[in-house]
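Dear colleague,

Please find the structure below, handed over for your records. My findings follow it.

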Amino acid sequence: MNREDFPMLKQDIIYLDNGATSLKPQVVIDKMTEYYESYSANAHRGDYDISYKVDMEYENARDLVVEFINAKVKEEVVFTSGATESLNMIATGFFANLVEPGDEILITTTEHASNVLPWFRLVNDYGCTINFIPLDDNLHVTIDNVKKSITPRTKIIALAQVTNVIGDIRPIKEICKLAHENNIFVVVDGAQSVPHMKIDVQDLDVDFLAFSGHKMLGPTGIGVLYGKQELLENLEPVNLGGGMNESFDSPSEVYYVDLPTRLEAGTQNIAGVIGLGAAIEYIKKIGIDKIHEREIKLREYLIEKLVKIPHIDIINLEADSGIVAFNVDGIFSQDVAYYLNKYNICVRAGNHCAKLVKNATGVTNSLRVSLYFYNTESEIDELVELLSDKEKIVSEMI
Amino acid sequence: MEKREVIMDHYNNPRNRRRIYDSNYVVENTRNSSCIDNLDVYVKVQNSIIEDVAFDGEACAISISSASIMTSNLKGKTIDEAIEYINNMEAMLSDKEYAEDILDEAIVYEDTKNTSRKTCAWLPYAAVKKILENYK
């Protein structure tokens, strides 16, 4: 649906790598071009009309994010360069000052690198311990397994809401409830969930949420750090500089401005922020629930066909998202991706930045199809037809 | 044989693919972080001659076949000859001038030079280049 809104889709390609990044609708591109062409001034700085317009558009985008994830106040929404920066700010700016040696961090083996490595740093530099919540047979996280993994030393639970290889939706609301009963913080990597399903940070009661603009029809280089206000107040700014200070006279006399600007030092990615706002408006117009529904339907359609192909091994048969990971029996995933590329089909091959996944699945690499609402049944048909002929794959993969 | 057939032959029947547990060999791991190709390359040098070279690991058809061809070509070469061969391979993949005869069967990767697969073809060479630098 809505394919006509996406200039990229005018090309002869079948784009099935939405987990890596999404395509951009014309309205997002236009909104950013408009900024560069007609009011390209800095934010929070000038005393003239076009600069004022920048402030208005910039803060309007923040309001759109606040509403989109149902944050309580705008102080809870900080613009970053993406989910990666958000997660690093949370780990380094907030938790590094809080943790004590021996504190435990719970993650899973199916997390993306950006929800693993910032925590490894707390292990290496601050003496924390990292533990992995066991996954069930479907590689999903169950509340029981979270319960069993919690100890009196558990301080942080950091999980993707939807994982980028397995595509399972974690029971974040139940996890938050359990965690908070045990004085544990919950950090959620929303990079693969926010673009695809309704997120209500108050209902979920997450402490922190990180996500990226480019996976949700917005531009690259922009993302969001959500945090409960009382927590963000204690997040030490990693970047100090213009915009985030109120006044300074000497090293002992430095005063910062309030949230959220305190955490947005320097000239921000203004076009990115405004573009993200446009993306959210676009998603709102379509309806996030409708988007999610459409993806589930497309996934079911794809799975139904893939299971009938004997030489295809599906890694994540069960998942309520648009992600399907699989292998062609006996053929290296990258060779299959290269074969599909000859037919202008874009899929991802490899470990998908989740290098611990092999510990869970026993599979070191795979092909990943990640769907978005603009994909179609006929695109899936074409993919399935190409995958169904193993001899053809072997003869055309190099 | 066509280029494709040569590649497929080396992929399906890779030469010198075995794990080696012998301290006379120098081992170097070579990997491509974006696509998970991951090979170990073993080289045994004696009197400035590559007496044996082998590889093992997990990788795509281009990397495996390239390792197979490379190991076949390197055996018996002096270190200087080996470096010359590797430099020619690098030149070919970088679209620079190179000597065709030195490359022997490795010429089959000529077509990969302008594609994402050139890093796959180069992967095993990166390991040997690193190993031989210590013998210079």
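Chain A is divided into domain 1 (26–285) and domain 2 (287–396), with bounds taken from an automatic or database domain assignment. This is a predicted model, in which local features need pLDDT of at least 70 and side-chain atom pairs count only at pLDDT 80 or more, while totals for chains, interfaces and linings use all residues. Residues are numbered from 1 along each chain as its sequence is written, and chains are lettered from A and ligands numbered from 1 in the order in which they are written.

The centres of the two domains of chain A, taken over C-alpha atoms, are separated by 29 Å. Across the boundary, 20 residues of domain 1 are in contact with 23 residues of domain 2; two residues are in contact if their C-beta atoms, placed from the backbone, lie within 7 Å. The side of domain 1 that touches domain 2 has 10 nonpolar, seven polar and three charged residues. In this classification Ala, Val, Leu, Ile, Met, Phe, Trp, Tyr, Cys and Pro count as nonpolar, Asp, Glu, Lys and Arg as charged, and the others, Gly among them, as polar.

Helices in chain A

The elements named here are DSSP runs numbered from the N terminus: helices (H or I) have at least four residues and strands (E) at least two. Helix H10 (residues 288–306) and helix H13 (residues 377–388) of chain A pack at an angle of about 25°, with their axes 10 Å apart. Axes are lines fitted to C-alpha atoms, for helices over the stretch in contact, and angles run from 0 to 180 degrees between N-to-C directions. H10(A) and H13(A) are therefore roughly parallel to each other; angles under 35 degrees count as roughly parallel, over 145 as roughly antiparallel, 65 to 115 as roughly perpendicular and the rest as oblique. H10(A) passes H13(A) in a right-handed crossing, a crossing being right-handed if the near helix is turned clockwise from the far one by less than a right angle, and left-handed if anticlockwise. The residues that meet are A:Leu298, A:Tyr301, A:Leu302, A:Lys305 and A:Leu306 in H10(A) and A:Glu377, A:Ile380 and A:Val384 in H13(A). By class, this contact has six nonpolar, no polar and two charged residues.

Within H10(A) lies A:Tyr301, which is partly exposed, with 17 other C-beta atoms within 10 Å. For this term, a residue is buried if 20 or more other C-beta atoms lie within 10 Å of its own, exposed if 12 or fewer, and partly exposed in between, with C-beta atoms placed from the backbone. Apart from neighbours within four places in sequence, A:Tyr301 is in contact with A:Glu377 and A:Ile380. From A:Tyr301 to A:Asp381 the C-alpha distance is 9.2 Å, over 80 residues in sequence.

Helix H11 (residues 333–341) of chain A has eight of its nine residues buried, so it is largely enclosed by the rest of the structure. Among the buried residues are A:Asp335, A:Tyr338 and A:Tyr339.

Loops in chain A

A:Lys198 is in the loop between strand E6 (185–189) and helix H7 (201–204) of chain A. A:Lys198 is partly exposed, with 15 other C-beta atoms within 10 Å. Setting aside neighbours within four places in sequence, A:Lys198 is in contact with A:Ile288 and A:Asp289.

A cis peptide bond, with omega about 0°, joins A:Leu259 and A:Pro260. A:Pro260 is in the loop between strand E10 (253–256) and helix H9 (270–286) of chain A.

Chain B and its contact with chain A

The contact between the chains takes 12 residues from chain B and 11 residues from chain A. Helix H1 (3–12) and helix H2 (61–74) of chain B are the elements that give two or more residues to the chain B side, and the largest share, three residues, comes from H1(B). That side of chain B has eight nonpolar, one polar and three charged residues.

The axes of H2(B) and helix H5 (residues 118–133) of chain B come within 7 Å and cross at roughly 45°. That makes H2(B) oblique to H5(B).

B:Asn47, in the loop between strand E2 (38–46) and strand E3 (49–58) of chain B, has a positive phi near 50° although it is not a glycine. B:Asn47 is exposed, with 7 other C-beta atoms within 10 Å.

Yours sincerely
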